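Hello,

Here is the structure you were waiting for. My notes follow below it.

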Amino acid sequence: RFTFQGSVNDLSLDRAGKVLGVAFSETKSERTREIYEREKKGIVEPDRAWDCGARVDAATGAVLKQLHGHHGVVATAAISPDGVTLATGGWDKRVLLHGVGEPVERSFGWAVRRLRFTADGRYLVVAAWTPQNPMGDHKSNTSAAAWEVGREAPSVVTP
């Protein structure tokens with residue numbers, strides 16, 4: 001059992017079972033009407049220490065490296081099967097690939113809900129919330145896409 005300073009929103013495990021990819025947020029991640037209103041107004045969340053993704057040692061729970069770049073809640077994290085690349089997705093509608101060098105960023109258009117690498121690490125699958133429906137009941141349809149991930153250095157090739 002591990003204890004962290006931030007709220008854990010998602011995690012994944014590399015193929016060897018040694019590295020966790022963890023999505024953290026400074027506050028509890030709840031999609032509320034307030035969140036939707038801020039998004040509609042284009043209000044950018046401030047940078048906070050625990051709105052991040054992280055590579056975590058699966059045996060000890062030690063945070064090996066925090067990876068920043070999102071504004072607000074980091075909802076999901078996927079570690080590549082080889083444990084090298086961490087993909088993070090957030091409510092800021094972006095996916096970041098953290099590996100060697102600077103993160104590679106792709107805007108998705110909607111708040112990112114889940115990310116997962118395929119077993120061979122070739123594709124990153126993204127699921128996101130679509131905009132709130134006009135009924136105002138906080139329900140939305142989900143949307144998904146798969147992107148090919150270059151293995152020379154983290155990159156995304158859109159279909």
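Four strands make an open antiparallel sheet, in the order β5-β6-β7-β8. Strands here are DSSP runs of E, at least two residues, numbered from the N terminus; two strands pair if DSSP finds at least two bridges between them.

β7 (residues 94-98) and β8 pair antiparallel over 4 bridges. Leucine 96 stands opposite glutamate 105 of β8.

This is a predicted model: local features need pLDDT of at least 70, side-chain atom pairs count only at pLDDT 80 or more, and totals for chains, interfaces and linings use all residues. Residues are numbered from 1 along each chain as its sequence is written, and side-chain values use heavy atoms, with hydrogens and water left out.

Now the charges. There are 7 salt bridges (a side-chain nitrogen of Lys or Arg within 4 Å of a carboxyl oxygen of Asp or Glu). Glutamate 105 meets arginine 94 in one, at 3.0 Å, N to O. That pair links β8 to β7, 11 residues apart. Arginine 94 is buried at 12% relative accessible area, while glutamate 105 is partly exposed at 38% (buried is under 20%, exposed over 50%, partly exposed in between; 1.4 Å probe, protein chains only).

Shared partners join Arg38, Glu45, Arg48 and Asp51 into one salt-bridge network. Within this group, arginine 38 meets glutamate 45 at 2.6 Å, N to O. Glutamate 45 also meets arginine 48, at 3.6 Å. Glutamate 45 is buried, at 18%; arginine 48 is partly exposed, at 24%.

Best wishes
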